[in-house]
Each structure stands twice: as C-alpha cells, then as structure tokens.
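Welcome, and thanks for taking a look at this one with me. Below is a short tour, grouped by topic, to read alongside the structure.

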Amino acid sequence: MTDKEKNNSSISINNDDQQQQNDNLEENKKTLVVDIDENNSINSKKLTQELTTTKENEDDPFLWPKKKKWIILSVLSCGAIIAPISSTIFYPAFLTVQEQLHTSDILVTTSAAVFLIFQGIGPLGWATYSDLKHTRRNVYLASLVLFIIASIICAVSNNIWLLIVVRCLQACGSNALHAIGPCTISDMFVPEERGNAFGIFYLFPLIGPLFGPTFGGYITQYLGWRWIFWLIAILAFIVLIFIFLFVPETYRKHKNLSPPSSDSSPPTKRKFINPLASLILFRYPNLSIVLSYISLFLSLIYIQAALIPREFNRIYHLSSSHTGLVFLSPAAGYMFGSVLGDDIINLSLIKIEPERRIHGTWLGAIIIPICYLAYGWLLEHKVPVIFPIIVMFFGGFGQLLAFNPIYTYLVDSFPTKSVWVNANLTFLRQMIAGIMSILSVPMEDSLGTGWTFSVIVFLYIIITLPVISVLFKGKQWRSKFRNDFNIEDDNIYI
C-alpha cells in the first residue's frame, strides 16, 4: 500500500472515530435532557403535592395552629355571654319600666318570659341555615346585626307592646353564638380536646345570668333602664367586629358521608329552610334523655336569678347592690368547674366510646341535688348568710362538672349534626327555663323556699335516672342514627 493510500485510510478512520464521538455526545445530551425533564417533572409533582397539602391544611380547621384555635374559642366564648346576660340584665328594671310605660307587672314579666322562649326558638332556624348553607361565620354576623337593631329599638320604645315584640326579635338574634359556637368547637378540636374546650366556651354563657342582674341594677339606678339596651347593643357591636376580624369560616364538609344512591342526577332544586328540621333528632332516645337531663339542671341558673333578689332582700335585708354581689358565689363555682373540672374527671383519657364520657358526669350529678336541697332549706330556716352563699358556690361547681362530659357525649354521638344537637339543647333549655322562672315565684309563695327546691330536686332525680339506660343502650341508638344518616365510619366523632 502506498503512503498516499495509508494516509487516506488513516484520515477515514479518524473521521469515523470523530463521528462516533459526535454520536455519543449527542446521545449523552439527549440522556441529560431526558434526566433533566424527568427531574423537573418529579420536582414539579412534589411541589404541586406540597402546595396541595399546604392548602388542605389551611382549609382543615383540625390542622390549624393551636394559637389560632384558642383565639377563635376566646372570641366566641366572650361573645356567647350576650345571650344569657341580656336575658337577666332586665330583671332589676321591672318596676321602673312598669312606672314609665304605664303598664302592669304581668306585661313586664311577659316581656322577660317571651325573651327566654324565643331564645329557644331562634337557634332552630339558625342551625338549619348553618347546615343548609355550609356556614358558621355568616350566622354569627347576621344574628348580631339583628340583635343590635332590635336592641336599639328596645332602647327607644315608648310602648310595652312594641317592647314585647322587639324583645322577641332581640332574643332570636342573641342566641346564635351560644347555639352554633359549640359546632365551631367540633369543627376545630379533635374529640380528646373537646371536653376542656367546651368547659372554657360555656364559662361566660353560664356566668352571664348571674352577672346580668348585678349590672342591670346599677345601670337602672344610675343611668336609666333604656341604657341597658344601649350598652348591650354596644357590646354586640364590639363582638361583631372581633368575629369579623378573627373568626374565619370553620364549617367542615364531612368526607365520610356516603352520597345518596341514584343512577341519574336530578336537576338541582332550591332548598327551603325548615326551622323545625333539627327536632327530628328527638326520636333518638339517647338525645332526648340526655337533653332533658341537661336542660333541667341548667334551668336552675335562671330559677336562682329570679329568686335571689327577693329572698336575700326579704331574709337578710340586703340592698340591690349587695344582693348583686351574692351572684358572684355561683359564678365563681362555674369558673372553678370550668377550669378544674376537666382535670378532676380526667376526660383526656376517655376516647373512642362516647358512652364512657357519661361516667364523668356522676360526680357533678351527685353534688347538684345535695347543694340545691341544702340551699332551699338553709334559706327557709334563715341561717347566717354565709352558709347559703357557700352552698351556691358548690352548686355552680357541680353543674359544670356534670355538664362538660355529658354534652361532649352528645357531640360525639351525633357526628355531622352537632349544630342540630346544640339547637335542640338551647330550645329545650330555654323552654324549661322560661316556664320554671314564671312558676318559681308563685311556687315559693305557696310552698316556701325549702319545699320549692325540694320539688325541683325531686324532678331532677327523676330525669337523671334514665341517663343510666344510655350507658347500656347508647351504642345501639347511635348505630341507628348512623344508619339513618348514611354515616359509614363508626370511629369518627366530628
């Protein structure tokens, strides 16, 4: 082979090698591009998943930071005092209103009685609206606006009939926070945390009826009875601002509910609000028995509020301002029951089975009749004032001990319907409180203080006994509820 041919052959081989290197380089570039694309795709998917998870966490009240939950709970608890304080703050002004509006004591008393009754009726509509429109926040805002407007009209009323009618509207607007607030707690807190959360929430609503007459007496004496309504309107406006700023929507759409079976999707029909829809839950014995029990012992608050001023003035000759200080004793009992009750009962250990929560109510259930029976007979025998005051403290303490676990049982037993449960509780409690407040004065006049409270305690014991049956048949009744409402997972209490 000539040198020229050898050179040509060498050049050809070099060209082939160069081509091979170019091909390998191109393949490496393609592989690198594919790897980069795959990595970008994976990272994009991860980022999307992280963003989705973050969004879901923000939307799920269970996963909110504890600080946020407790701020919401504090705002709602303070706001829930509006309903009970506005029901009793008017009591000391009865005589003044009777004189200025030139009316009878029966009509003035009626204005207070219808307020209690409509406080029970109003939440039925608010509860149905809350579930139908999937909202808690809008219910709070709308009800407070209604309450503020009605309170302003009450403040300028010059006719007893106008006052009675507007008090009905005021009552309907006052109790939405009290009625729907526990549902917000159920939206945010897991079952193990609810006992303590409910105790804190109900602290202000339970002491409201006791502080109401104290404030009402001073306001009536120094500012006039119309300022009662101006001041509670201002209070409601402040609560409205705080809810608007600090309370987001907490309504949880329960994913565990099975959809209705249907082959074809019918056209969407407009839903109408049935304010009596929540009453359907009374067909379940565990709810009707427990609600009757709770409603009776909570009505004792209103009976005390109605009788304390006349009894302590008649027996101990206390002035209006000093009589108002007597209300601080049961209020302190409620506060200690709210703060310490959960630790004493150790509710944090009671999980899963709702019926086990009922065991936490027995200590309070025993304290209540002992204290109120002793209270009535101590006043009957006109013992030194310190003794009935001490008994009132322990009576209030027992009520909170009995209330927290038994109410938490109801919330856990009726998942997805906690708003209906609380509306029914408010309805029944206010009905009983209104009726017993009206009957308590004539009962005391005819029977005496001791026998009046003896009759009430006897009724309490009769209504408490059926609660024992819930321990044994509660699970069966809960299962019927879950089947009726297509709740598939038996382990959820939300």
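A residue is called exposed when its relative accessible area is over 50%, buried when that area is under 20%, and partly exposed in between. His102 is therefore exposed, as its relative accessible area is 72%. Please keep in mind that this is a predicted model. Its protein chain has a mean pLDDT of 79, with 78% of the residues at 70 or more.

**Confidence along the chain**

- Over residues 255-268, pLDDT stays under 50, and the model has 9 contacts beyond four places in sequence for this stretch.
- Residues 490-494 also stay under 50 in pLDDT, and here the model has 20 contacts beyond four places in sequence.

**Aromatic pairs**

- How many aromatic pairs does a search of the whole structure find? The search gives 19.
- One of these involves Trp70 and Phe189, whose ring centres are 5.5 Å apart and whose planes meet at 65 degrees, so the pair is edge-to-face.
- This pair links distant parts of the chain: Trp70 belongs to helix α2 (residues 66-79), while Phe189 sits in the loop between α8 (176-188) and α9 (191-201), 119 residues apart.
- The two partners can be told apart by accessibility: Trp70 is partly exposed at 32%, whereas Phe189 is buried at 2%.
- Tyr375 and Phe453 make another edge-to-face pair, with 5.2 Å from centre to centre and 80 degrees between the planes.
- Because Tyr375 lies in helix α15 (residues 362-380) and Phe453 in helix α18 (residues 449-464), this pair ties together parts that are 78 residues apart in sequence.
- Tyr375 is buried, with a relative accessibility of 2%, and Phe453 is buried with a relative accessible area of 2%.
- Ring pairs also join Phe90, Phe94, Trp225 and Phe229 into a cluster.

**Charges over rings**

- Arg167 is placed over the face of Phe115, at 4.1 Å from the ring centre.

**Cysteines**

- The structure has 0 disulfides.
- Cys168 is in no disulfide, and the nearest cysteine sulfur, in Cys172, is 7.2 Å away.

- Ser329 is part of helix α14 (residues 328-345) and is buried, at 11% relative accessibility.
- Setting aside neighbours within four places in sequence, Ser329 contacts Ile389, Met392 and Phe393.
- Arg356 is found in the loop between α14 and α15, where it counts as partly exposed at 45% relative accessibility.
- Although Arg356 and Tyr409 are 53 residues apart along the chain, their C-alpha atoms are separated by 8.3 Å.
- Helix α15 has 19 residues and spans 28 Å from its first C-alpha to its last, close to the 27 Å expected at 1.5 Å a residue.
- Among the buried residues of α15 are Gly364, Ala365, Ile367, Ile368, Pro369, Cys371 and Tyr372. Tyr375, of the aromatic pair described above, is also one of the buried residues in α15.

**Positive phi angles**

- Most residues other than glycine have a negative phi.
- His102 has a positive phi of about 50 degrees although it is not a glycine. This residue lies in the loop between α4 (94-100) and α5 (105-133).
- Which residue just after α15 takes a positive phi? Lys382 does, at about 55 degrees, and it is not a glycine either.
- Lys382 lies in the loop between α15 and α16 (386-413) and counts as exposed, at 55% relative accessibility.

Key:
Residues are numbered from 1 along each chain as its sequence is written. This is a predicted model: local features need pLDDT of at least 70, side-chain atom pairs count only at pLDDT 80 or more; totals for chains, interfaces and linings use all residues. Side-chain values use heavy atoms; hydrogens and water are left out. Rings of Phe, Tyr and Trp (its six-membered ring) pair if their centres lie within 6.5 Å; planes under 30 degrees apart count as stacked, over 60 as edge-to-face and the rest as tilted. Helices (H or I, at least four residues) and strands (E, at least two) are DSSP runs, numbered from the N terminus. Buried means under 20% relative accessible area, exposed over 50%, partly exposed in between (1.4 Å probe, protein chains only). A charge sits over a ring if NZ of Lys or CZ of Arg is within 6 Å of the ring centre and within 35 degrees of the ring normal. pLDDT is the predictor's confidence in each residue, from 0 to 100. Contact means heavy atoms within 4.5 Å. A disulfide is a pair of cysteine sulfur atoms within 2.5 Å. The expected span of a helix is 1.5 Å times one less than its number of residues.
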